[in-house]
Amino acid sequence: MAGSVWRRHGRDYVRDLALLVIAYYGAAHLGYALSFAGPVAAVVWLPVGVGIAFLYLRGARLWPGVVLGDLLVNNYSALPVGSAFAQSAGNLLEVLIAVLLLRRLCPRRPLTSLAGVGGVLAAIAAGTVVSATIGSIASWAGGAVRSESVAYVWRTWWLGDFCGALIVLPFTLAWSEFRWPRWSARATEAVVTGAALIGLSALVLHGAWTARWLMFPALIWAALRFGTRGATGAIAVMSGFAIFGVTHALGGYAVGSIDSRLLYTQLLIAGVSASALSIAALVTERQTLTDGLRASQRRLIAASDEARRRLERDLHDGAQQRLVALTVRLQRAADGTRVPAAPAANTLDVAQRELLTAIGELRDLARGIHPATLRGLGLGHAIRAVADRSTLPIETREMPAVRLDDTSEATAYYVILEAITNAQRYAHASVVRVRARLRRRTLVLHVDDDGIGGAVEHEGSGLEGLRDRVQATGGR
């Protein structure tokens, strides 16, 4: 059994390794064939994006594929062997550092939030700086680059690797789980948007350099309407035309010296890519928030209906029954007063006890709906009252000194109360610490305990209920 599992995993590893080497080799030779990559530096170096995407999605254990692919694509006739091996080492470090930072900064779905896009840009920038530095120094040490050209080679190398990763990595992340949908009006819109982007990009190849701004409306529309897939697809199309234009000195990309054209094109690709990915991330965040609020509203409506039905049952089975029984006893007592020597006093005593019990039950129900302390004295006093009644020690370390609006106070009260209840019920804690502080007109709550931990949010859980309650008031 263990042998078959090892063989299956071994086959999967060899397959992924071979795919990485082939993709790395193919991306490099695509650059050589289209004249935008050379033995020392490139306008755009696509293999770095291939390496980062493979290791991020399939695991860092595939790093030998980056080494093999890089050694296969090195031009040993233009570079000394030592310089070539040093460049390969730098390219491997580049990929590993970028993957490590990606997993640390944005472990899940990095393109779906603005913070995730920032993490992607930071990870790529850090990794490519290492490769550019090692590669430039190795090329200078091997005599392939003159001393006065090291800074230029470093800048071109860094921006070329940065742009290559920025084209390939987000595109791979966005389209790796794509499923072809049925043809619809939205698919027609996608085709029209793509055709417009291609047409406007081609126009720049035959027009002035200022005509490049015509691409931006189609690019922004693709990001707004089709999210990360639309943005990354548009980036790939725009970048392809820009690279082809600068390497063949066409249209607007033929203005100025080769150095200035190269720099402007790299900055254009980097700026457009970062902008489009940020727009797509904002669209995704807005859609996620909207979907979450709608789901929260549905769950809150269902929870409110259930709470109303539970309150009806509590009133019917508890206080209402006691009040009915009290009515009967009072009627008997009234009848007894009209009969000589009847035990009316005893009946009235029993009725009094029934009345006090019913009042207590109604008070408990009312306290569960909205405590009087919260309404009269505010959040801080209400939480301290909960701490005083609790059998589990509760430390109230900080509470707002000012009154808040009713909605915020009620929401915060029930969030803290539910968290304390969960800690008492499941965490086996010896102490719970509560802090509620105002920061920039925002109420921030902290509830922690020294229990066993393990609380996980899932459908129907208490944590999901807390999230729904907070999101329904516009919080998070």
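Helix 4 (residues 81–105) and helix 5 (residues 114–141) pack with their axes within 8 Å of each other, crossing at roughly 165°. Here an axis is a line fitted to C-alpha atoms over the stretch in contact, and angles run from 0 to 180 degrees between N-to-C directions. Helix 4 is therefore roughly antiparallel to helix 5, a label given to angles over 145 degrees. By class, their contact holds 14 nonpolar residues, 10 polar ones and one charged one. The crossing of the two helices is right-handed, meaning that the near helix is turned clockwise from the far one by less than a right angle.

This is a predicted model, in which local features need pLDDT of at least 70 and side-chain atom pairs count only at pLDDT 80 or more, while totals for chains, interfaces and linings use all residues. Residues are numbered from 1 along each chain as its sequence is written, and side-chain values use heavy atoms, without hydrogens and water.

Stepping back to the whole protein chain, 14 helices and three strands are found; these are DSSP runs (H or I, at least four residues, for helices; E, at least two, for strands), numbered from the N terminus. Of the 476 residues, 40% are buried (under 20% relative accessible area, 1.4 Å probe, protein chains only). The chain exposes about 26,000 Å², with 61% supplied by carbon and sulfur atoms (Shrake-Rupley method, 1.4 Å probe).

Finally, helix 14 (residues 462–472) has Glu464, Leu466, Asp468, Val470 and Gln471 among its buried residues. Glycine 474 follows helix 14, with a positive phi near 90°.

How values were computed
Angles under 35 degrees count as roughly parallel, over 145 as roughly antiparallel, 65 to 115 as roughly perpendicular and the rest as oblique. Ala, Val, Leu, Ile, Met, Phe, Trp, Tyr, Cys and Pro count as nonpolar, Asp, Glu, Lys and Arg as charged, and the others, Gly among them, as polar. Buried means under 20% relative accessible area, exposed over 50%, partly exposed in between (1.4 Å probe, protein chains only).
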